[in-house]
Amino acid sequence: MAVLTFELPDGTTRDVDVVHLLNAGYAGRSQADVAAHVAELAELGVPAPAVTPALYPVSPYLAQQTGRVAAQHPRTSGEAEWALVVAADGELLLTAACDHTDRALEAHGVAWSKNAGPDVLARRAWRLSDVESRLDELTLCAWVTHDGTETEIQHGTLAELLTPGYWADVLRSRGCLTPGTVLISGTIPMTEGVDQFADGWRVELGDPATGDVIRLAYDVVPMPEPIG
């Protein structure tokens, strides 16, 4: 299993031994927009989910706090997301995350693609109770790097996504709102015309009320060519 360590604003830390890792998909708050997105993806060969929103179990060891992601081929990319983390004492934490996905494999199965790359999480977190009253104001942004040049690829707020409270209820109904559970939120739209197949990703979850920002960043490193 993966053990993650999060620093809270008061300087204390929480170690989380990941038992369950789940990736939400098609998790926009407007399900009409989600339906349109599903139709667009179908035209690209990505199979439609049986229901929306969707929830994909992922191998717990894929929850990582890392600055380096190894990629098997050039068609992998991240997604700016938030993560809901259940700490050892049951406290709910909120942090930034980036779901690094194999886009070539996605055409054969979304669940498979989610298990072909890590969910990268930030090293800082907020108590969900401290920000829950202003969740819709929290910002979520991502940048990609190509040949040393950084370009913004995602920019939005948590108002665009189903809430941590919604997903906490789903987890509770499944008996999974327990210590060691990590849920990744699903993502916001990418800017048209920006190449997602990048050399690096950076994600920020910001709180305009306090000016605090939770950040993560990682390089995408090609694996060596296989032999045989």
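This is a predicted model: local features need pLDDT of at least 70, side-chain atom pairs count only at pLDDT 80 or more; totals for chains, interfaces and linings use all residues.
I take helices (H or I, at least four residues) and strands (E, at least two) as DSSP runs, numbered from the N terminus. Residues count from 1 along each chain as its sequence is written, and side-chain values use heavy atoms, with hydrogens and water left out.

**Entry: E79**

I started at E79, in the loop between β7 (76–77) and β8 (80–86). Is E79 buried or exposed? E79 counts as buried because its relative accessibility is 11%; buried is under 20% relative accessible area, exposed over 50%, partly exposed in between, with a 1.4 Å probe and protein chains only.

Next I looked for a partner. The E79 side chain makes a polar contact with the side chain of R103 at 3.0 Å. For a polar contact I need a pair of N or O atoms within 3.5 Å; within protein, one must be able to donate a hydrogen and the other to accept it, and residues adjacent in sequence count only if both atoms are side-chain atoms. Leaving aside residues up to four places away in sequence, E79 also touches residues including C98, D99, K114 and W201 (contact: heavy atoms within 4.5 Å).

**Entry: cysteines**

C98 is buried at 0% relative accessibility, and C141 is buried at 7%.

**Entry: rings**

How many aromatic pairs does a search of the whole structure find? I got one: Y166 and W167, edge-to-face, with 5.0 Å centre to centre and 90 degrees between the planes. Rings of Phe, Tyr and Trp (its six-membered ring) pair if their centres lie within 6.5 Å; planes under 30 degrees apart are stacked, over 60 edge-to-face, the rest tilted. Y166 is partly exposed at 33%, whereas W167 is buried at 2%.

I also noted the charged end of R202 over the ring of W143, 4.0 Å from its centre. This needs NZ of Lys or CZ of Arg within 6 Å of the ring centre and within 35 degrees of the ring normal.

**Entry: cores**

Last, I checked the nonpolar cores, sets of buried Ala, Val, Leu, Ile, Met, Phe, Trp, Tyr and Cys residues joined through side-chain atoms within 4.5 Å. The largest has 40 residues, and L94, W201 and L205 have the most contacts inside it. A second, separate core of 19 residues includes L62, A83, V85 and A97.
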